[in-house]
Amino acid sequence: MLLAECPRDAMQGWREFIPTQQKIDYLNALMQVGFDVLDCGSFVSPKLIPQMADTSTVLENIDKSAAKTKVSVIIANLKGAERALEHSKVDVLGFPFSISETFQFRNTNKRQEEAFSQIIQILQDTQRAGKGLRVYLSMAFGNPYGELWKSEDIYFWVERLSEIGVQEILLSDTIGVATNESIRLVFSRIINAFPSIVFGAHFHTKYEESYTKLKAAYNQGCRSFDTAIKGFGGCPMAKDQLVGNMPTEQMINFLMREKIEHKLNLLNFEAAYNKAKDIFHF
């Protein structure tokens, strides 16, 4: 199992600016839990995502000395990738690529083909720097723009990404419209067709639907999942109302009930959970 915690996704749309030191303390607590990846910031325009304007300072203060967790940031263009690669503590870059042309432009201010060309360059840059690249296929289960959704579109873009050497792709249900059946359909087809790629699930979902969605993806061979404590967050660029993330505590519940081995330190998770309470007021 590859488990990624996404406090960046939780924080980015939060209405109040979270003090930088509070972010640092929270992220350092999460670093002690044992996640494989910690998605902790983004190098995008602060005008669009003001909550992430202090990412550079936050990164400088992350303590990686006692953890094997890889630090990930989101970028949306070559400039953002360049800034991310300047930080020695960044291990992984995440790039949002949408199977929806409308959302690709809305989210990154570029068309699909332009974004794809930038992925080619970013992949080369990350390889030279010894970093990883995670490509998020957003709107992978539907979109709010009236564009026809077809699983064939996922296959088309995965095939192209595979051809250029991308090795990790996360199918993102950006607006929480995936059903158990569509999850089974997409993951069963795509995992069997591209066995060399690590496929993950980045689900935005209602809490009451989260367990069955985890099970649907897991049963089709998905072994990589993104979560966020209490399911906070979502994509502020998708539509007016945020749909929450997959709750980390539900993922832990799933692992325990299904008797799936994991390496999370649950006592340290409780400590991080308590810090999340101070930030998100739950």
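How many helices and strands does the chain have? I looked this up first, working from a predicted model. I counted 11 helices and eight strands.

**Entry 1. The chain as a whole**

I then turned to the overall dimensions. The C-alpha trace spans about 45 × 45 × 35 Å along its principal axes. I compared the radius of gyration with the expectation for a compact globule: for 282 residues that expectation is near 19 Å, and the chain has 17 Å, which agrees. I also looked up burial, and 55% of the 282 residues count as buried. For the contacts, I took those with a separation of 6 or more, and found that 74% of them join residues 24 or more positions apart.

**Entry 2. Helices α2 and α11**

At what angle do α2 and α11 pack? I read an angle of about 160° between helix α2, residues 20–31, and helix α11, residues 266–280, with the axes 8 Å apart. Angles over 145 degrees count as roughly antiparallel, and I therefore recorded α2 as roughly antiparallel to α11. I noted the crossing of this pair as left-handed.

I next listed the residues that meet. From α2 these are Q22, D25, Y26, A29 and L30. From α11 they are N268, A272, K275, A276, D278, I279 and F280. Sorted by class, the contact of α2 with α11 has seven nonpolar, two polar and three charged residues.

**Entry 3. Helices α4 and α6**

On the α4 side, I found L78, A81 and L85 making the contact. On the α6 side, I found Q118, Q121, I122, D125, T126 and A129. The residues of this contact of α4 with α6 divide into five nonpolar, three polar and one charged.

Is R8 buried or exposed? I located R8 in helix α1, residues 7–11. Its relative accessibility is 7%, and because buried means under 20%, R8 counts as buried. Setting aside neighbours within four places in sequence, I found R8 in contact with D39, C40, G41, S42, M52 and I74.

G41, one of those partners, was my next residue. I placed G41 in strand β2, residues 37–43. At 0% relative accessibility, G41 counts as buried. With neighbours within four places again left out, G41 is in contact with R8, M52, T55, S72, V73 and I74. I also looked up the separation of G41 and A53: they are 12 residues apart in sequence, and their C-alpha atoms are 8.9 Å apart in space.

**Entry 4. I197**

Where does I197 lie? I found I197 in the loop between α8 (180–193) and β7 (198–203). With a relative accessible area of 7%, I197 is buried.

Which residues does I197 touch, not counting those up to four places away in sequence? I listed V158, S162, V166, Q167, E168 and I169. For one of these, V158, I looked up the distance as well: the C-alpha atoms of I197 and V158 are separated by 9.2 Å, and the two residues are 39 residues apart along the chain.

Note on methods:
Residues are numbered from 1 along each chain as its sequence is written. This is a predicted model: local features need pLDDT of at least 70, side-chain atom pairs count only at pLDDT 80 or more; totals for chains, interfaces and linings use all residues. Side-chain values use heavy atoms; hydrogens and water are left out. Contact means heavy atoms within 4.5 Å. Helices (H or I, at least four residues) and strands (E, at least two) are DSSP runs, numbered from the N terminus. Ala, Val, Leu, Ile, Met, Phe, Trp, Tyr, Cys and Pro count as nonpolar, Asp, Glu, Lys and Arg as charged, and the others, Gly among them, as polar. Axes are lines fitted to C-alpha atoms, for helices over the stretch in contact, and angles run from 0 to 180 degrees between N-to-C directions. Angles under 35 degrees count as roughly parallel, over 145 as roughly antiparallel, 65 to 115 as roughly perpendicular and the rest as oblique. A crossing is left-handed if the near helix is turned anticlockwise from the far one by less than a right angle, and right-handed if clockwise. The radius of gyration is taken over C-alpha atoms; the globule rule is 2.2 Å times the number of residues to the power 0.38. Buried means under 20% relative accessible area, exposed over 50%, partly exposed in between (1.4 Å probe, protein chains only).
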